[in-house]
Amino acid sequence: MSAVEDRHDDDAELVRRTLSNDRDAFGGLYERYRERVFRVAYHFVHNKADALDLCQEVFVRAYESLASFRGEARFSTWLMRIASNTCVDFCRQARVRKAGELDEGMITGDERLPETTSTPRPTAGLEREEARAALEAAIAQLTPEHRAVFILHAVEEMSYEEIAQAVGCPIGTVMSRLHYARKRLRGLLAWFDRS
Amino acid sequence: MNECPIEIQLTAYLDGELPTDQATSVEAHFASCPACAQEMAALRSVKEMEGGLSAPEVSKHEWDRAWDAISKRIEAPRRRALGFRWRWLAFAAAAAALLATAASIRSLQTRPANPMAAVPKNECIVDYVETSGGYSSMYSYSPDADVTIITLVPSAAPEEPPDHASGKS
Amino acid sequence: MFLVSASWALAQEGHDVDIQVISVSATGRGTSPQFDSRIPRGLRTQLERSNLAYSRYDLLANSRQPAAFGREVTFPLPDGEGLAIRASAPQPPASLLRLDARILDRDQRAILTSQLRVRYDATFLLHRPKGDAALILGVSAHQPK
């Protein structure tokens with residue numbers, strides 16, 4: 001049996017035990033997936049405290065809806081769906097928050113993004129740290145829906161099919177959103193190209 | 001001459017998600033289409049940057065504290081789990097909606113402080129940026145570069161084309 | 001006459017800070033940018049470090065206006081636009097000035113509103129791309145001379 005299938009069986013066993021009121025079993029799922037959920041949340045909100053809060057919210061929602069997990073898809077994919085929905089909801093609600101009242105600051109994106117009209121340039125010349133910072137600032141400019149697809153692919157290296165299952169849309173929509181996310185990022189990053 | 005592939009095939013090709021026959025067709029197309037080759041190079045440059053994304057470390061103490069909070073909530077009486085931040089958000093959303101209808105500014109966009117650099121060396125800290133009248137902004141500063149920049153651009157972005165897979169328009 | 005009147009008015013209100021705005025036109029794309037020799041060295045360094053990809057920077061204006069805390073001063077920009085800056089007194093513990101900056105369109109409507117905390121003599125950049133070129137404003141606040 002492959003490692004992936006082993007993990008799938010382990011997760012299913014932990015879910016079964018959790019539904020039998022074994023809270024330690026849910027703790028096992030938490031330890032196994034907390035970093036993945038945190039990474040996704042962090043790249044949505046760029047704030048460690050908010051990301052940890054979102055991480056908590058994701059696991060609470062997962063616990064509350066665990067009975068609906070049928071085991072046909074992988075638990076990780078099911079959990080990523082909850083993570084993606086939770087983060088998208090948070091970003092949508094955060095759009096109406098007053099900026100001055102945010103602690104530490106959370107980057108929100110806007111719906112309409114500027115596209116450079118000049119020929120887009122590759123970012124080969126950026127120093128690594130500056131490039132990372134520029135990319136993270138640009139990701140924050142994506143709509144929550146585009147951000148979800150981009151983060152699940154770029155950060156979690158999920159396949160298009162897995163992302164489609166996680167966000168609940170056709171693979172063609174995943175492909176389209178990821179393509180336009182990269183185009184928009186390219187447009188924003190073009191202003192910060194030294195080469 | 002081949003017809004240019006639909007744009008989104010370029011991203012799928014880059015990610016190795018195209019079936020073999022379509023991938024072969026796209027590769028053959030690049031040899032004769034400088035525009036698509038250039039577009040691919042630009043997309044590849046973004047993809048190459050993706051590997052540099054990282055998240056901060058979380059200590060064992062922080063993980064344990066988060067687990068304690070989760071445990072308390074899942075053991076609490078069954079009710080809608082809205083934490084303090086989320087209740088505040090709901091209140092702020094209602095208050096902001098009220099203010100927005102009284103304001104005369106169009107396309108209000110709010111951008112809070114950038115958390116990526118706490119206090120940059122040049123000590124120019126952006127606390128608040130707001131645009132209107134069809135503009136968008138982004139700002140960044142790098143502590144090492146000593147530079148704080150706020151960029152203002154028109155926000156006329158092209159519409160995403162219809163989802164060809166689902167047939168929606 | 002205008003300057004005398006302005007100075008007298010400020011003498012009545014208080015001259016708490018000097019606001020400086022250096023306007024630069026940025027054009028072209030490429031490595032090794034060329035700089036107008038009149039651009040102050042501090043701003044030139046900022047532009048070099050900024051990763052903006054323009055190949056040529058030319059000075060348009062270098063203006064400095066006295067201001068009282070809480071009072072807005074306006075700097076004219078090309079195409080009938082304006083930059084309005086209001087400084088507020090430094091607040092502890094970091095003793096950073098608060099600057100409120102607005103870019104106004106030709107109808108005097110704010111298209112950008114921002115709030116920053118800055119130390120004296122530090123410069124931040126406002127970058128306004130227009131097609132392949134851009135207007136870049138280096139904004140700083142100084143102790144009165």
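**Close-up views of strands and helices**

View 1. Strand β7(C) is mostly covered, with seven of its nine residues buried. "Buried" here is a neighbour count: 20 or more other C-beta atoms within 10 Å of a residue's own, whereas 12 or fewer makes it exposed and anything in between partly exposed, with C-beta atoms placed from the backbone. Keep in mind that this is a predicted model, where local features need pLDDT of at least 70 and side-chain atom pairs count only at pLDDT 80 or more, while totals for chains, interfaces and linings use all residues. Residues are numbered from 1 along each chain as its sequence is written, with chains lettered from A and ligands numbered from 1 in the order in which they are written. Strands (E, at least two residues) and helices (H or I, at least four) are DSSP runs, numbered from the N terminus. On one side of the story, strand β6 (residues 96-104) of chain C runs antiparallel to β7(C), and eight bridges join them; to count as a pair, two strands need at least two DSSP bridges. C:Leu104 sits opposite C:Ala110 in β7(C). Five residues lie between the strands of this β6(C)-β7(C) hairpin, and C:Gln108 takes a positive phi near 65° there.

View 2. Look for B:Val129, which faces C:Ser114 in β7(C). Strand β2 (residues 124-131) of chain B is mostly covered too, as six of its eight residues are buried.

**View 3. Helices α2 and α3 of chain A.** Two packed helices are described by the angle between their axes and the distance between the axes. For α2(A) and α3(A) (residues 48-64), that's about 135° and 8 Å; axes are lines fitted to C-alpha atoms, for helices over the stretch in contact, and angles run from 0 to 180 degrees between N-to-C directions. The pair is therefore oblique, the label left over once under 35 degrees is called roughly parallel, over 145 roughly antiparallel and 65 to 115 roughly perpendicular.

**View 4. Helices α2 and α6 of chain A.** The axes of α2 (residues 23-45) and α6 (residues 144-154) of chain A come within 10 Å and cross at roughly 135°. That makes α2(A) and α6(A) oblique to each other, and their crossing is right-handed. A:Val40, A:His43 and A:Phe44 of α2(A) meet A:Arg147, A:Ile151 and A:Leu152 of α6(A). Helix α6(A) is largely enclosed by the rest of the structure, because 10 of its 11 residues are buried. What covers these buried residues includes α2 and α4 (75-94) of chain A, along with α3 (34-50) of chain B.

**View 5. A:Gly28 in helix α2 of chain A.** A:Gly28 lies in helix α2 of chain A. It has 17 C-beta neighbours inside 10 Å, so it counts as partly exposed. A:Asp10 is 18 residues from A:Gly28 in sequence and 10.0 Å from it in space, C-alpha to C-alpha.

Note on methods: A crossing is left-handed if the near helix is turned anticlockwise from the far one by less than a right angle, and right-handed if clockwise. Two residues are in contact if their C-beta atoms, placed from the backbone, lie within 7 Å.
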